[in-house]
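Q: I'm new to this one. Can we go through it together?
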Amino acid sequence: MGLPFFEKAVGFQKRYGRGHSIGNGLQTNGILIDEHWAKFLNTYNFLVGISLDGPEHIHDHYRLRQNGQGSWSRVVDRAKLLLNSKQQNKFGQMKAALPRDCKECQWLHYCWGGCTKDRLNNPHDKSMNYLCLSYKIFFNHADDQMRKMAEKWKRQQNFAISHQQMEFNHEAAKKIGRNDPCPCSSSQKYKKCCGKIS
Ligand code: SF4
């Protein structure tokens, strides 16, 4: 749906809204935002969510543009067009203003209060994320596995670095026996550790 669709929607809201205050929001990958879009979204105080999957190397793993290159730098560039709108600043301030329950929560480092829009949509308490209970159940269930995954990922990184440091090549890899200690210092056998990866 292009800009004309949204202009028309806002026109209908003005015409039929009978003076009510109507909030608009949209989620986008940000690629197509240009000056016209930015002006429109700022003028009508749209709350805009930009889909950015963390740092560049993670985002670009999955989010590719049509030319096959990662989209992170383009999205960040486009997002700058939206900064400093009143609505965006208000949203950012809300994100930082965590309720006491969150500040004392054991899952704060994973969750940080969740997405602010899920606080705004809580009909009972707008300071609290209405998905809080399900987050806690999920983190309780997944924490152990997530830590194991993180450990495994760190080991893979260490192994990749050790490969680079000793200019590891395919011939050298063959010299590591399946039952030898893994060179990534995991204290496991090569076959049970990085040998499964390479
Ligand atoms: S799990 Fe609930 S209390 Fe904990 S940080 Fe997230 S929203 Fe806040």
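Q: Which residues surround the ligand?
A: This is a predicted model, where local features need pLDDT of at least 70, side-chain atom pairs count only at pLDDT 80 or more, and totals for chains, interfaces and linings use all residues. Residues are numbered from 1 along each chain as its sequence is written, and side-chain values use heavy atoms, with hydrogens and water left out. Around the ligand are Asp 101, Cys 102, Cys 105, Cys 111, Gly 113, Met 128, Asn 129, Cys 132, Tyr 135 and Lys 136, each with a heavy atom within 4 Å of it.
Q: How many of the shell are nonpolar, polar and charged?
A: Six are nonpolar, two polar and two charged. Gly counts as polar here.
Q: Which helix gives the most to that shell?
A: H9, with three residues. Helix H9 (132-165) and helix H6 (100-103) each supply at least two; helices are DSSP runs of H or I, at least four residues, numbered from the N terminus.
Q: New topic. Which residues are in the largest nonpolar core?
A: There are 12, among them Leu 3, Phe 6, Trp 37, Phe 40 and Leu 82. A core is a set of buried nonpolar residues joined through side-chain atoms within 4.5 Å, and buried means under 20% relative accessible area with a 1.4 Å probe, protein chains only.
Q: Where does the largest share come from?
A: From H2, with four residues. Helix H1 (3-16) and helix H2 (35-43) are the elements that give two or more.
Q: And what does Leu 82 touch?
A: Leaving out residues up to four places away in sequence, Leu 82 touches Ile 33, Ala 38, Leu 41, Asn 42, Val 48, Ile 50 and Gln 88, with contact meaning heavy atoms within 4.5 Å.

Methods: Buried means under 20% relative accessible area, exposed over 50%, partly exposed in between (1.4 Å probe, protein chains only).
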